[in-house]
Amino acid sequence: RFQRSEKTMADRNSSSAFKTLVLNFMPSKCYEEYFLNYNFFDAVCFKTILNSSLNLSIVLGSVLVKLPQILKIVRNGSVGGLSLISFFLELAAVTFTMTYNAVNAYPFRTWGESFFISIQCAILVTMFLYYSGRPFVSGAFGLVYVAITVTLVSGLVPMNVLTSLQITTIPIMMASKVFQIYENYKNGSTGQLSAITTFLNLAGTLGRIFTTLQEA
């Protein structure tokens, strides 16, 4: 009887852990439809799970999205053909998005990619300065960026300021692409620009647009 009680307790704990895990990807209503009612054809729940899966994929993919670009710079020891202004503007845009969402405590799955991309963009700006022969400026930039980011998420910055910064992210991001395009045109080549990173950026952007429209 004691062994049976232990087994029952273990089953309940396992079931509870599974439910907790699943509820990270779907609302309780969908959990009931799928795992209690065995209704696997609920259209609303299917759309919700698809959206959650895309959110997770975007966040996970963003962890390495800039890695091909970083490796290409390190491998060739050059930032030729790349635009510092483009890197800097993209860093500003993703940082504004990250800090705005973090302060508002929105679910990490809906903006987590901006956290990981901001780290990688900061690395790219630092590398650009270093490989351009400005190691001191490179190190100083890293410290300044960390200080600014901490200030933005500290609660010291008024919410209306964070909102205004968030509104500017789309034109800032568009401007960053224009500067890189101009750099390519001026040089007559893409230089050290990574095609893989460019493609991954596009895929992530399209995915985020889709999930945002679904949640609107």
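I began with Leu50, which has its place in helix 3; helices here are DSSP runs of H or I with at least four residues, numbered from the N terminus. Leu50 counts as partly exposed because its relative accessibility is 36%, where buried means under 20% relative accessible area, exposed over 50% and partly exposed in between, with a 1.4 Å probe and protein chains only. I also looked up its distance to Met26, 24 residues apart along the chain, and found the two C-alpha atoms separated by 9.6 Å.

I note that this is a predicted model, in which local features need pLDDT of at least 70 and side-chain atom pairs count only at pLDDT 80 or more, while totals for chains, interfaces and linings use all residues. Residues are numbered from 1 along each chain as its sequence is written, and side-chain values use heavy atoms, with hydrogens and water left out.

Next I checked confidence, given as pLDDT, the predictor's confidence in each residue from 0 to 100. The chain averages a pLDDT of 84, and 87% of the residues score at least 70. Confidence is lowest in helix 1 (residues 2-22), at a mean of 58, and highest in helix 8 (residues 159-167), at 96. Where pLDDT is low, the predicted coordinates should not be read in detail.

I then turned to helix 4, whose buried residues are Gln69, Ile70, Lys72 and Ile73. They lie on the same side of helix 4 because they cover an arc of only 160 degrees around the axis, the arc being that of the directions from the helix axis to the C-beta atoms. Helix 4 is followed by Gly77, which has a positive phi, near 60 degrees.

For the salt bridges I used a side-chain nitrogen of Lys or Arg within 4 Å of a carboxyl oxygen of Asp or Glu, and the structure holds three of them. Glu90 forms one with Lys66, with the closest N and O atoms 2.7 Å apart. This pair links distant parts of the chain, since Glu90 is in helix 5 (residues 84-103) and Lys66 in the loop between helix 3 and helix 4, 24 residues apart. Both Glu90 and Lys66 are buried. Glu90 also meets Lys177 in a salt bridge, at 3.9 Å from N to O. Lys177 lies in helix 9 (residues 169-187) and Glu90 in helix 5, so this pair ties together parts that are 87 residues apart in sequence. Lys177 counts as partly exposed because its relative accessibility is 35%.

The side chains of Glu183 and Lys186 meet in a salt bridge at 3.5 Å, N to O, and both residues lie in helix 9, three residues apart, about one turn of the helix. Salt bridges that share partners join Lys66, Glu90 and Lys177 into one network.

Last, I looked at the aromatic rings, where Phe, Tyr and Trp (its six-membered ring) pair if their centres lie within 6.5 Å, planes under 30 degrees apart counting as stacked, over 60 as edge-to-face and the rest as tilted. By this rule I count eight aromatic pairs. The rings of Phe108 and Phe115 are edge-to-face because their planes stand at 65 degrees, with centres 6.3 Å apart. Phe115 and Phe116 are also edge-to-face, with ring centres 5.1 Å apart and planes at 75 degrees. Ring pairs link Phe108, Trp111, Phe115 and Phe116 into a cluster.

Definitions and conventions
Helices (H or I, at least four residues) and strands (E, at least two) are DSSP runs, numbered from the N terminus.
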